[in-house]
Amino acid sequence: MAKPKVATASLAGCFGCHMTVLDIDDRILKLIELVDFDKSPIDDIKHFTGRCAVGLIEGGCCNEENVHTLQDFRKHCDVLISVGDCATMGGIPAMRNGIPLEECYAEAYLVGPSVHNPSGRIPNDPELPLLLDKVYPCQEVVKMDYHIPGCPPSADTIWETLVALLSNKTVDLPYELIKYD
Amino acid sequence: MSETVTLTIDGAEIQAKPGQMILVAAEEAGIYIPRLCHYKGLKPHGSCRLCTVTVNGKPMASCTQPVAPGMVVETKTEALNQFRRQILEMLFAEGNHYCMFCEKSGNCELQAQGYRYGMTAPRYPFQYPMRDIDASHPDIFLDHNRCILCARCVRTSKDLDGKNVFQFVNRGKHKRVAVDSRARLAGTNANVTDQALGACPVGALMKKRVGYAVPVGQRLYDHKPIGSEIEAKASR
């Protein structure tokens, strides 16, 4: 029987949650016995090659590309999991949410203390994904099946969750594995 | 009047003092009822509703409801726990609770209640309100982003510190804690030794320059859920 496939993506996140996946240490050898990775920065596969059992999403949605990626994951994954505080509550990127977009652009490209931009223009190339009005946690964009909070969640939390799901057991994490920091 | 009142809490017969609130009577019997606005030494406030229990089948705030003979109290039914989780989710969605960089993280009662009731992400849309931080005082800061309006600072300052530094202003979603001055915290008689600081359950009212003093893994709620010290009394 073919191994179930796992896909991962980092949206508006810092890749810290992906680093934590690597933090499972030598269990990563067990993991590749259990699953194949599909679309993921871990193996650099850019497009889905088929249906996936589990999708791990790091980060919330800060631009239209994030939304498209997340919708693509929802379409291709049986179980979709928010991993980390950015995915579950917006996290650090969401700190811009109370600030008007124009002010954010101005700070980044015009008036910020370290800005060097003699043209005085805000980049507007069609290649650049448009920013959303604010940063949205994943569950406000598509249906998410599980949420793992943490900044980042511990490697044990991610491991226990994956193993439970792949062996068809209920995810029942001990007290110490659910933390918001 | 008899000296004790007999009532049933979670199936166990409990002796309580007349006039005692259900929450306190339960606590003395080793039964923990979750709370945020209730604080030892202060008059009960009854505002957070986390301590809601059923009394003879009817929901009531256990911090403001005195015991009565023959009461049948349930404190941990699945329905109550669901209800508590919803309150917590609303609190998390309403404010800006960035646990990942909060100095209170690990020692925060709101966070600890979230852990205890298994909240992973709120089902409600986040509000991301724009709120102010008052860092004007040399030793104290007041971060409205983290405030849950429990009034513990308001009441502690008034009743225990005898100062009246904090009050509530505005109503509904605009309600917030304000200081007794048109200036900011710096213009009040608030002092870093005030008991009001320790009364804050979250990271809204904090001492400056002592953040992250306790390493992760050694903080109050890193290993044991909030309330387990009360529950330990029962198992002894």
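Chain A and chain B bury about 2,200 Å² between them, with 63% of it on carbon and sulfur atoms; buried area here is the accessible area (1.4 Å probe) that two parts lose on being put together, summed over both. This is a predicted model, in which local features need pLDDT of at least 70, side-chain atom pairs count only at pLDDT 80 or more, and totals for chains, interfaces and linings use all residues. Residues are numbered from 1 along each chain as its sequence is written, and side-chain values use heavy atoms, leaving out hydrogens and water.

The interface counts are as follows.

| Item across chain A and chain B | Value |
|---|---|
| Residues of chain A in contact with chain B | 25 residues |
| Residues of chain B in contact with chain A | 28 residues |
| Polar contacts, both at pLDDT 80 or more | 13 residue pairs |
| Salt bridges | one |

Contact means heavy atoms within 4.5 Å. A polar contact is a pair of N or O atoms within 3.5 Å; within protein, one must be able to donate a hydrogen and the other to accept it, and residues adjacent in sequence count only if both atoms are side-chain atoms. A salt bridge joins the side chains of A:Asp181 and B:Arg219 at 2.8 Å, N to O (a side-chain nitrogen of Lys or Arg within 4 Å of a carboxyl oxygen of Asp or Glu).

In chain B, helix H4 (residues 152–160) has the buried residues B:Arg152, B:Cys153, B:Val154, B:Arg155, B:Thr156 and B:Ser157. Buried means under 20% relative accessible area, exposed over 50%, and partly exposed in between (1.4 Å probe, protein chains only). Helices (H or I, at least four residues) and strands (E, at least two) are DSSP runs, numbered from the N terminus. The cover over the buried residues of H4(B) includes helix H3 (109–116) and strand E8 (166–169) of chain B.

Methods: Chains are lettered from A and ligands numbered from 1 in the order in which they are written.
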